[in-house]
Amino acid sequence: MKSLDDFAKSKLDQLRQRRLHRAIKESVREDGLWIERDGKRLLSFACNDYLNLTHHPALKEAAIDAIRRYGVGAGASRLVTGNHPLYAQLEGRLARLKGTDAACVFGSGYLANAGIVPVLIGQDGLVLVDELAHSCLWAGAQLTRGKVLTFRHNDAAHLSELLHRHRKQHNRAIILTDGVFSMDGDLAPLDEFSEIASRHDTWLMTDDAHGLGVVGDGRGSAAVHVAHVPLQMGTLSKALGGYGGYICASEAVIDLIRNRARTLVYSTGLPPPVVAASIAAMDLIESDAALVCRPVAKARAFTRLTNLPDAQSPIVPLLIGDETPTLRASQMLADEGFLVPAIRPPSVPEGTSRLRLTFTAAHPDNEIERLAAIVRAQLSAH
Ligand SMILES: Cc1ncc(COP(=O)(O)O)c(C=O)c1O
């Protein structure tokens, strides 16, 4: 239809003019570290595969065994016939690692957040969201149809002030924050947030997509702060190397979510091999403490070499500002053999375009040193 194509083309023109148009590039990931793209082999500082488990033999074997036993797909929603036996195993393991009574696995992290928040908060409720929270926490917040307020990034005083002013007008309230921020790599002050939450009878929910398997001895951001976080959401797609989302909480909350989360009830269960691979990943995370420590140690080696603040997670941003120099810097690093993506709005706020580096357990130290030397020499001008 002409009007439809015209609409798409004019939107695309606007994106191109603002240097915000993105292309999805074919990427062949050989081994969880190296990537072939546009005929070039690049060392990736772009994947969230922090423990390089996407290609681990134990995960591949577990996935193949599960296919042989249960097939390649779940066949239906978990509430119908899609709840193959691997689910209970994985949920038990996640709950144990996070120190909660129960867990529920979803189709993805995005689906988890979009489904969970509206189960807990309705149109008379209050949702407080960190300004830098991940897009899918915002999606969950908006789907509640309640009042949504933004607090300044990691600002406990601002959060407290908003609760003082607004909490009493609402029946229920929830705080939504990343545990480890996906584009900045910093950690939320969960000990302070949990104290504020309990003072205002408000529920604290963390998105720990980038925490599980890499911080808090692998148990995630709540374990770093020893904070009580009654709703701990995360994904199976980053350090665990597979796919899927989850929430860890009390027995009653999980039962309610299983009954009411639309993205769980009305969506097909995860394929058995994906769940089996996550169980194998949990085995490694729980048994190999040295592996779990390595991504943050590698990130910290880089931040020390480049005189940046000490990395708190495997994610290190190099802030540049405008889109054009950010794209240029990313290309310059690609010419040196490194894949370091340029992150632009709307993934980050306007004026904060950046290079985002992610470190994994297997990054060779000499390559980190080479990258740091280039960053020191070339990018310090920005
Ligand atoms: C903080 C955060 N939450 C949630 C997600 C979504 O998880 P998934 O990829 O499993 O949908 C991501 C990234 O993809 C993320 O970075």
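Modeller: Two strands pair if DSSP finds at least two bridges between them; strands (E, at least two residues) and helices (H or I, at least four) are DSSP runs numbered from the N terminus. The model is predicted, so to speak of local features requires pLDDT of at least 70, side-chain atom pairs count only at pLDDT 80 or more, and totals for chains, interfaces and linings use all residues. Residues are numbered from 1 along each chain as its sequence is written, and side-chain values use heavy atoms, with hydrogens and water left out.

Colleague: Which residue in E2 does Arg29 stand opposite?

Modeller: Strands of a sheet pair through backbone hydrogen bonds, either parallel or antiparallel. Here Arg29 stands opposite Ile35 in E2. Strands E1 and E2 (residues 34–37) run antiparallel and are joined by 2 bridges. They belong to an open sheet of 4 strands, ordered E1-E2-E3-E12, with mixed pairing. Its edge strands, each pairing on one side only, are E1 (28–29) and E12 (338–339).

Colleague: In what order do the 3 strands of the antiparallel open sheet lie?

Modeller: The order is E11-E14-E13. Strands E11 (315–321) and E13 (342–343) form the edges, each pairing on one side only. Between E11 and E14 (residues 353–358) there are 6 bridges in the antiparallel sense, and Leu319 has Arg354 in E14 as its bridge partner. Helix H13 (residues 323–335) lies across E11, E13 and E14, at about 30° to E14.

Colleague: At what angle do H4 and H9 pack?

Modeller: Two packed helices are described by the angle between their axes and the distance between the axes. Axes are lines fitted to C-alpha atoms, for helices over the stretch in contact, and angles run from 0 to 180 degrees between N-to-C directions. Helix H4 (residues 109–120) meets helix H9 (residues 251–260) at about 110°, the axes being 10 Å apart. H4 is therefore roughly perpendicular to H9 (under 35 degrees is roughly parallel, over 145 roughly antiparallel, 65 to 115 roughly perpendicular, the rest oblique). Ile116, Val119 and Leu120 of H4 make the contact (heavy atoms within 4.5 Å) with Leu256, Ile257 and Arg260 of H9.

Colleague: How does H4 pack with H5?

Modeller: H4 and helix H5 (residues 135–143) pack at about 30°, with axes 7 Å apart, which makes H4 roughly parallel to H5. H4 passes H5 in a right-handed crossing. Among the residues that meet are Tyr110, Asn113 and Val117 in H4 and Leu137, Ala141 and Leu143 in H5.

Colleague: How many salt bridges does the structure hold?

Modeller: Side chains of opposite charge can pair when their charged atoms come close. The structure holds 22 salt bridges (a side-chain nitrogen of Lys or Arg within 4 Å of a carboxyl oxygen of Asp or Glu). One of them joins Glu91 and Arg258 (2.8 Å, N to O). The pair links distant parts of the chain, for Glu91 is in helix H3 (residues 86–98) and Arg258 in helix H9, 167 residues apart.

Colleague: Which peptide bond is cis, and where does Asn52 lie?

Modeller: Most residues other than glycine have a negative phi, and most peptide bonds are trans. The bond from Pro345 to Pro346 is cis, with omega near 10°, and Pro346 lies in the loop between E13 and E14. Asn52, although not a glycine, has a positive phi of about 55°; Asn52 lies in the loop between strand E3 (40–44) and helix H2 (57–70).

Definitions and conventions
A crossing is left-handed if the near helix is turned anticlockwise from the far one by less than a right angle, and right-handed if clockwise.
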